[in-house]
Each structure stands twice: as structure tokens, then as C-alpha cells.
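Reader: I would like a close look at one part of this structure, and then an account of what lies around it. Please take it step by step.

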Amino acid sequence: MLRRSIRTQITKRVLVLSTTVAVLLGATLVLLIIAVTGQRDAARIAFASQEALTLTSRLQTSLFAIENDLRDYVRKPTRPLEPVTNRLAAFPVQQRALAAQLSDDRGQRERVREIGAMIKSYAIRANALIIVARTRPKVARNQLFYTDRRDLIAALSASLRNLASRERTIVRRREDDAEAQSAAAIAFGIGGLGLVLIVVVAGTLYLRRAVVRPVVRVARATGRIAAGDLDTRVPADRADEIGELARGFNTMADSLQRGRSELERSNTELQRSNAELEQFASVTSHDLQAPLTTISMYAELLERRHGSETGEGHELIDGIRGATQQARVLIRDLLEYSRAGRGELAVEALHADVVLKQALEALAGAIETAGARVRVGPLPVVLADRTSLCRIFQNLVGNAVKFTRDDPQVSIEAEPDGAMWRFSIRDNGIGMQPEYTQHIFEPFRRLHGEEDYPGTGIGLAVCERIVEQHGGRIWVSSSPGEGSVFSFTMPAAEVRDDELAAAVQTPVGAGS
Amino acid sequence: MRQVVTGFALSLALMVASCGGQQDPGPPQQAGHGPVRIGTKNFTESVILGELYRQALEAKGLKVELQSRVGSTELTNAALRDGSLDLYPEYIGVLLSEVDNIRTRPASPRAAYLLAKSKEESRDFTLLKPARLSNENALAVTRSFARRERVRSIRDLKRLRPAPRLGALPEFANRFEGLVGLDARYGLQLSLKPLEAGRQYAQLDRGRIDVAGVFTTDPQLAGGRYTLLHDPEGVFAKQNVVPLVSKKALKAHGPRLAATLDSVSALLTTPAMQALNKKVEIEKRSPEQVAGEFLSDQGLTGPASG
């Protein structure tokens with residue numbers, strides 16, 4: 001129930017607003033149409049009245065003319081009669097035309113009817129006189145003594161004048177009415193348009209205040225959230241759709257904030273336990289060195305003093321010494337792993353080929369023993385810690401030479417990869433099952449026995465730590481018998497300083 | 001828009017209305033359900049008769065169109081024959097002498113009526129029942145003139161020197177009951193001063209004329225100021241009033257028309273007509289009102305409306 005009312009609030013207002021605008025526009029349109037119609041009616045009335053007035057005066061002239069012609073004919077029957085009969089025949093037509101043009105007014109209708117009756121009376125008398133004039137000209141001539149037709153014409157003339165003057169009055173009044181109506185309609189129309197304008201402006205302001213601004217506020221808050229400011233909230237006191245949006249946004253921000261603080265807490269916890277573990281490993285391995293040295297030293301003494309007497313004891317001493325050596329290597333690698341990725345990096349622009357050369361020199365013995373051929377492509381300048389990069393090359397090339405078969409070949413190449421360079425170390429060695437490629441970078445992970453391929457299984461884990469400390473990543477693609485390609489990325493030297501700084505930052509924040 | 005439509009309707013209505021009568025100058029023969037078109041001559045008595053006819057017919061529910069003062073007998077008759085009128089009050093003597101040119105007088109009014117009626121029947125018109133009212137033509141002089149000149153008869157006028165000055169209606173000049181008959185029967189050759197009906201008396205009084213052509217029902221004659229001259233040769237005939245009607249109109253409007261007019265004629269006596277003429281001519285009341293009162297008093301219509 002509440003949701004429905006919330007959802008319809010702005011919609012309802014917008015609907016009311018647009019309906020109001022539509023109604024106002026419609027009313028304005030109607031008023032303007034009335035105005036135009038009024039003007040048109042006024043013009044029509046004026047035109048018809050002009051016609052009526054013209055017809056009236058024509059009728060008057062015609063009446064006088066016919067009487068004169070009639071009298072001339074009676075006096076002298078040899079004169080043509082056609083003008084008289086033609087005019088007589090034209091009377092009803094003229095009267096009808098006049099009636100059609102007259103304004104629709106009861107008095108005028110009555111007047112034109114009376115005029116019609118008078119014209120008829122005149123026509124009857126004129127006709128009778130014509131008949132008598134034809135048969136008994138003398139009698140007819142004597143009848144000219146009477147003035148009845150002339151009196152009739154005078155009365156008709158007066159009636160026509162009256163008709164015309166009334167017509168002028170009526171038409172003037174109607175024109176005034178039409179003008180007034182049209183003026184009023186125009187005024188109302190303009191007022192209506194003004195009202196529409198006001199409503200539209202008010203509506204726009206309302207929408208701006210009620211919809212656009214709050215939405216922009218939410219959008220800005222979203223931007224701040226995205227930038228990491230999870231404390232951002234928006235006002236959510238409104239009861240409409242916008243209020244709902246704001247409340248939804250705040251709820252989302254709350255849950256984000258809660259999630260992040262939980263994440264931070266567990267992260268801190270994790271870092272602390274990790275540091276403790278590494279501290280433990282470092283201390284342990286360091287402290288293990290001392291007893292190992294002692295064991296080694298006692299084994300030496302034992303051999304020197306009793307080496308000649310016990311032939312079988314000699315073998316035992318060798319066993320002690322071998323195991324001790326193996327433990328030492330293990331401890332050394334453990335230390336190295338725990339240190340890797342923790343120390344400060346001396347990042348500089350390095351010619352990768354120089355660093356690779358250094359690494360290859362260190363591996364010269366192993367390469368020669370294996371009889372491997374190493375091919376180096378053109379290598380770029382990267383931003384890296386010299387020792388660390390050398391360590392990566394050494395470990396990866398060393399692995400390539402170690403896990404080998406007949407005719408081992410190793411190639412080192414680099415390609416641009418965004419702001420980074422991607423290095424690839426390719427071998428034709430034994431390769432591995434694809435499912436192992438995920439786990440191979442975990443510490444002490446070994447795929448083969450110590451007797452087949454010697455090593456502690458720490459090298460790739462160290463490489464991963466170093467690469468990640470430089471802001472890059474490392475991965476392998478391989479299949480058994482096909483060889484392996486180890487790839488890692490390093491930041492390129494030709495990047496801007498700020499991007500460089502960002503790129504070099506390590507996940508643990510050591511690069512600050 | 002509305003004005004245009006009503007304007008059109010109005011003009012249409014007027015067109016229909018005006019189509020009734022004088023649409024064309026020729027005879028509009030349709031009587032149909034149109035009004036009864038009554039004409040009258042151009043003197044007071046005829047106008048009153050027209051009003052009597054009109055009001056009596058209207059009281060019986062007939063529609064009437066009255067054309068008062070159409071003109072002299074000649075013109076009114078022409079309008080009737082022409083079809084512009086359906087009927088008008090006529091005088092049997094004038095009808096015979098001036099329309100039918102019958103100069104020998106029938107022996108009795110009854111004979112005159114039958115003769116005139118047979119003439120009319122022959123041309124698709126007819127006469128309804130005549131009234132007892134008779135309004136004859138006559139010559140009048142002032143009483144003093146008669147005494148001074150010792151004039152009692154028309155014949156006496158012949159010896160007067162200089163010849164007496166005659167004032168009468170203009171048509172008097174062309175009629176048998178006028179200069180034509182006076183010349184033929186009495187050898188009187190007078191010059192005529194045309195005057196409108198009713199104007200003769202003032203002219204006589206002022207001495208502008210010596211003899212006036214008058215109607216015997218003229219109210220001016222009642223006071224004894226004037227002497228009517230005897231007519232031993234019978235130039236002036238009996239003049240019973242009768243409605244002259246077209247048969248077409250009788251057929252169109254049914255028996256009510258004839259019956260109503262007959263009932264009016266039955267009321268018309270010479271004294272009654274003289275009284276009516278007096279009310280209009282002397283008392284200057286309107287013929288419409290006078291006729292209305294008369295019909296109402298005689299019980300032919302409801303109470304007079306005014």
C-alpha cells in the first residue's frame with residue numbers, strides 16, 4: 001500500500017502537470033479559434049450588409065424608374081413596355097436577394113416582409129393599369145390622375161430607407177459584438193498562453209528541484225563511493241520515488257562499508273599471522289643453522305680422528321655430512337623465500353639484456369653440463385630491482401635447463417603488453433600436465449622426486465613474490481613433452497612518472 | 001455559421017412566401033391553400049366593404065390577403081381578370097354599363113343582377129348574393145346653387161350659361177355613367193375637373209365647382225347642404241353591391257367563402273352603409289375598426305377587438 005503510494009507520487013504530479021498544460025493549451029486554442037471566427041463573422045456581416053444596402057438603393061431606383069416608365073407608356077402606348085414588365089418581373093428576385101443579405105433580425109425580417117407586400121401591391125396596380133392601357137388607353141390615361149402608386153412608392157422608399165438605417169445599426173452593433181468577442185478571446189488566449197508558460201516554467205523548476213537535483217546528488221555520491229569514500233550518504237527524508245532511491249543508495253553504502261571493514265579486519269589479521277609465520281620461519285631457519293654447523297663440525301672431527309679405523313664408519317659420516325648439507329640448502333632457500341618480497345626495492349631503469357647476461361653467467365656451468373642452446377631476442381629497458389630481476393631470470397632459465405631432455409633449447413623474448421613488457425622463457429623440456437600449472441608457483445611444490453631433478457621447490461614461489469612486488473604477474477603454459485613457456489610482466493621504462501609510481505607499488509604497500 | 005444557416009432558411013421562407021402572389025406579372029392562377037385575395041376600389045365605401053369581407057372570412061378561419069384601393073372599377077376589374085385577385089365588392093350597374101358596355105337598363109335590380117351574373121358565369125367568374133345596399137352615382141349641387149339657379153334636374157344644367165363646372169372622379173370622363181351618358185341622354189357637354197372621391201364637397205363649398213359627381217351613400221349628403229339632381233333619362237342606374245368572385249377561388253376555398261360573404265351581404269342596407277361611411281369619412285375612424293365593430297354588433301364575429 002505504502003509502496004504504491006510512494007511510486008505514484010512524482011508520476012501523479014507529472015501527470016497532473018502535463019494534463020494542466022494540455023487543458024490550458026486546448027482552451028487557449030479554442031479561444032483563438034473563437035477570436036478568428038469572430039473576426040471572420042464580422043467581415044462576413046459587414047460584407048452582407050454592404051450588399052443589402054446596395055440592393056436596397058437599387059430597389060428604390062428601380063421603383064422610381066418603373067413608375068416613370070409606366071406613366072410614359074400610359075400616356076403614349078406606342079412606347080416600349082418591356083422596361084416596365086422586365087422590372088416588374090425582377091422585383092421578387094431583388095426582394096429575395098435583399099432578404100438573403102439582411103441580418104438575421106426579427107424586426108428586419110418583418111420589415112422586409114412588409115416591403116414585399118408593398119411591392120406586391122404595387123405590381124398588382126401596375127399590371128392592372130397596363131391591361132387597361134392596352135384595351136382602353138383613354139381610361140388608363142385618366143387614371144394617371146391618381147397618386148396611389150406614387151404614394152405607395154414613397155412609402156416603399158421610406159420603408160427601404162428605414163430598413164437600410166436599421167441594417168446599418170444592427171450590423172454596427174454586431175460588428176462591435178464580434179470585435180469585442182474576438183478581442184476578449186484574444187486577451188484570454190494570450191492570458192492562457194502566459195498561464196501555460198508559467199505552468200511549464202513552474203513544472204520545470206519543480207522537476208529540477210524534485211527529480212534532477214536529487215538524482216545528481218545520488219550520482220555524485222555514487223562517484224564518491226566508487227572513489228572509495230564509503231562514508232558518503234544522501235538525504236533520504238522524502239516520501240516519493242527519489243526518497244526511495246536515496247534510501248536504497250544509503251542501504252547499499254551501508255552494506256558496502258560493512259563489507260569493507262570486515263575485509264580490512266580479516267586482512268589485518270591475515271597480514272599479522274603471515275608476518276608472524278615468516279618471522280617464525282626466519283628465526284627458525286637462522287637458529288637451525290647453528291646446530292647444523294655444530295653437527296657438521298663434529299662429523300668433520302669424527303672423520304679426522306677415527307677415519308682410518310672404521311671403514312664402515314666412514315660411510316656413516318658421509319651420510320651425516322650429506323644430510324647436513326641438504327638441510328642447510330633447505331634452510332637457505334627457506335630464508336630466501338621468507339625474505340623475498342619483503343625488502344625494499346631499488347627500482348631503476350634496467351637494460352634487461354644486461355641483467356639476463358649476468359644471470360646466464362651464473363648459470364654457465366649448468367648450461368654447459370646440459371649442453372643447452374640459449375637464444376636471446378631483443379630485450380627492452382624495464383623498471384626493476386637489479387638483483388630481483390636477475391634472480392627471476394636465473395630461476396626460470398635454470399629450471400629450463402634442468403627439466404630437459406635431448407638437445408635442450410631455451411629462448412628468451414619480450415613483447416610490449418600495455419604499460420608493461422611481457423617476458424617469455426621458452427624451453428623444449430619435459431613440460432607438465434595443464435592442471436599443475438596453477439599450483440606450480442606454491443612454495444615447496446615439486447612435481448618430481450629429489451633424485452630425478454634436485455631442488456627444494458622454492459624457486460618459482462620466489463619468482464612469483466618478486467614479480468608481484470613489481471606490480472606484474474607470472475604464469476606458465478605447458479603440456480607434457482611439449483616444453484613450457486614461463487611468462488612474466490615488468491613495468492616498461494617509457495611510462496610517465498606518476499603511472500610508474502603507481503605501477504611499482506606492491507600489494508603490501510612496501511613501495512611508498 | 002448559425003447565422004448563415006438561418007439566413008439561408010429565412011431567404012428560403014421568404015422565397016416561398018413571395019412565390020404566392022406576384023412572382024411573375026402574368027396571372028398566378030394557383031389558389032390552392034393560399035389566402036383569399038380581396039381587392040377594393042379606391043373610395044371609402046369599397047375599402048370598408050373589403051374590411052367587412054376580410055374580417056368575416058378571417059373569423060371563419062380563412063386566410064385573407066386584402067389589397068385596398070387597387071384603383072377604379074376598370075383597374076380593379078382588370079386585376080381580378082388578370083388573376084391577381086380572387087374577388088372584390090362590385091356594383092351591378094357599373095358592372096353592366098362599364099364592363100359589359102350594356103347601356104340599356106334592365107327593368108329591375110333583380111333582372112340586372114341575373115344579367116350581370118350570366119355574363120360573369122360565361123367567363124368563369126360569378127356573382128354571389130347581392131346586398132340590398134345600393135350606392136348609385138348622382139350629380140349634386142349645393143342647396144343654395146339649386147335655389148339660385150333653379151336647378152332640380154340634370155336637364156336643367158343644359159340651360160346654364162356659362163356651362164356649369166363639373167367635378168368628379170377622373171374615370172367619370174370615360175363612363176356611360178358619366179360624361180358619355182350625360183352627353184348621349186341629355187346632350188350635356190361638360191368639362192370635367194377630376195377629383196378624388198370625397199373631395200367634391202369641399203370644392204362645391206368653396207365654389208370651385210358647380211356640380212359634383214357623388215355617391216348616394218356619401219355621408220356628406222345627409223346634412224341637407226346639397227341637392228341631388230333628378231335623372232329622368234336614367235343615366236345613373238341602381239347599384240346593388242355584390243361580391244364578384246372567380247369560380248376558381250370558390251372551388252379552392254370551399255363553400256365557407258360564399259356562405260360567409262352572403263351573410264355579410266345580408267347585413268348591408270343603404271342606411272347601414274351610410275352610417276359606416278360616416279364613421280370613416282366624417283369621424284375619421286379607421287375602416288378596419290369600423291368594419292370590426294359592425295360585424296361584432298351584428299353578431300357575425302366575436303366582440304370587437306378594438
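Author: The model is a predicted one. Chain B contains 12 helices and 10 strands. It has 306 residues, and 49% of them count as buried. Among the contacts in chain B with a separation of 6 or more, 76% are between residues 24 or more positions apart.

Now to the nonpolar cores. The largest nonpolar core consists of 85 residues. Within this core, A:Leu129 and B:Leu52 have the most contacts. Helix α3(A) contributes the most to the core, namely 12 residues. On the side of chain B, the contacts of B:Leu52 can be listed, leaving aside its neighbours within four places in sequence: they are B:Val264, B:Ala291, B:Phe294 and B:Leu295. Another core, of 41 residues, lies apart from the largest one. Its members include A:Leu356, A:Val382, A:Ile392 and A:Ile466.

The part to look at closely is the pairing of two helices in chain A. Two packed helices are described by the distance between their axes and the angle between them. Here the helices are α2, residues 82–101 of chain A, and α3, residues 106–135 of chain A. Their axes come within 11 Å and cross at roughly 170°. An angle over 145 degrees counts as roughly antiparallel, so α2(A) is roughly antiparallel to α3(A).

Which residues make the contact? From α2(A) come A:Val84, A:Leu88, A:Phe91, A:Gln95, A:Leu98 and A:Ala99. They meet A:Val112, A:Ile115, A:Gly116, A:Ile119, A:Ala123, A:Ala126 and A:Ile130 in α3(A). Sorted by kind, the residues of this contact are 11 nonpolar and two polar, with no charged residue.

Five strands form it, and it is open, with the order β2-β4-β5-β7-β6. The pairing in this sheet is mixed. At the edges are β2 (373–376) and β6 (474–479) of chain A, each of which pairs on one side only. From one strand to the next, the twist averages 15°.

How values were computed
Residues numbered from 1 in each chain as written. Chains lettered and ligands numbered in written order. Predicted model: local features only at pLDDT ≥ 70, side-chain atom pairs only at ≥ 80, totals over all residues. Axes fitted to C-alpha atoms, helices over the stretch in contact; angles between N-to-C directions. Helix = DSSP H or I, 4+ residues; strand = E, 2+ residues; numbered from the N terminus. Parallel < 35°, antiparallel > 145°, perpendicular 65-115°, else oblique. Contact = placed C-beta atoms within 7 Å. Nonpolar A, V, L, I, M, F, W, Y, C, P; charged D, E, K, R; others polar. Pairing = 2+ DSSP bridges. Buried ≥ 20, exposed ≤ 12 C-beta atoms within 10 Å, placed from the backbone. Core = buried A, V, L, I, M, F, W, Y, C linked by C-beta atoms within 7 Å.
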